[in-house]
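Here is a short report on one protein chain. Look at the fold first, then at one helix pair and the charged contacts.

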Amino acid sequence: MGEGVRGTGTGRGGLRTSAERALRGLLWDKVPRNHRQDPRPFLVRRVVTGVFVVIGAVVLGWSLQIEAGDSTFYVATLVLASIWTIGAFASGPLYLGRIAHPERHDDLRRPVVGAIVLGLLLAGIFVVGALVVREIPLVDRQISSVLSHANAGVTPMLVLITVVNGIAEELFFRGALYAAVPRHPVAVSTVAYVVATLATGNFMLAFAAILLGVVTGLERRASGGVLAPVLTHVTWSTVMLFALPLLF
């Protein structure tokens, strides 16, 4: 009877095993693909991404220095999203990516549901962490400064900006920049993302960028594309937009 339970994959053990396989497929097991570029296009990608990461960091720092309530903030963040997006597509081809089915490895599919669930899990971890660190005055001030534009309420425009910027950042950092790095692209793209975020002068944003960058970088590595990173990032950032003002 015990063998029957293991064979059908039912019960807590079977569910746990299925979840582990799904997570491994989303974050670790690489699917076959050939995205290798010739030397000249690859050099162009590296130059373009290098230029745009500097421009984007400057605009990001400027956007978060704008006082709360100033409508210029919305313009600045949309300009930043445009910079990341233009840089991503100007650098070369981008791919959506696929992952293998947890049970049938020859069945490749778009990483949609798993990426969204991972974004929700990541947001849950951040919320729990926020409950702990909000008792630290310095951390509380840092997070409150990030949320200053949401103090008057989460408006449709703020949600739109959050989603658009999440998409744009992933197109650039896990799309263009990741593809421009010949070795250790997860680490390098994460460091670049953190350095760009440090332009804000807010170490809590930089800390969030480390965790988010590693997770989405692993998704990019496994799937070979930007769809999973985009869905995880947008899910995480949207949940945090609504959750953090309730905590700080």
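## Overall fold

From the N terminus on, the elements run α-α-α-α-β-β-α-α-α-α-α-α. That makes ten helices and two strands. Helices (H or I, at least four residues) and strands (E, at least two) are DSSP runs, numbered from the N terminus.

This is a predicted model: local features need pLDDT of at least 70, side-chain atom pairs need 80 or more, and totals for chains, interfaces and linings use all residues. Residues are numbered from 1 along each chain as its sequence is written, and side-chain values use heavy atoms, without hydrogens and water.

## Burial and contacts

The protein has 248 residues, and 43% of them count as buried. Buried means under 20% relative accessible area, exposed means over 50%, and partly exposed lies in between (1.4 Å probe, protein chains only).

Take the contacts (heavy atoms within 4.5 Å) between residues at least 6 apart in sequence. Of these, 77% join residues at least 24 apart.

## The H8–H9 pair

Two packed helices are described by the angle between their axes and the distance between the axes. Helix H8 spans residues 185-197, and helix H9 spans residues 203-223. They pack at an angle of about 150°, with their axes 8 Å apart. Axes are lines fitted to C-alpha atoms, for helices over the stretch in contact, and angles run from 0 to 180 degrees between N-to-C directions. H8 and H9 are therefore roughly antiparallel. Angles over 145 degrees count as such, under 35 as roughly parallel, 65 to 115 as roughly perpendicular and the rest as oblique.

Which residues of H8 meet H9? They are Val-186, Thr-190, Tyr-193, Val-194 and Thr-197. Their partners in H9 include Leu-205, Ala-209, Leu-212, Gly-213 and Arg-221. By class, the contact has ten nonpolar, four polar and one charged residues. Ala, Val, Leu, Ile, Met, Phe, Trp, Tyr, Cys and Pro count as nonpolar, Asp, Glu, Lys and Arg as charged, and the others, Gly among them, as polar.

## Salt bridges

Side chains of opposite charge can pair when their charged atoms come close. A salt bridge is a side-chain nitrogen of Lys or Arg within 4 Å of a carboxyl oxygen of Asp or Glu. The count comes to two.

Arg-24 pairs with Asp-29, the closest N and O atoms being 3.0 Å apart. Arg-24 is partly exposed at 45% relative accessible area. Asp-29 is partly exposed at 30%.

Arg-174 pairs with Glu-170, with the closest N and O atoms 2.8 Å apart. Both residues are buried. Arg-174 and Glu-170 are four residues apart in helix H7 (residues 156-179), so about one helical turn separates them.
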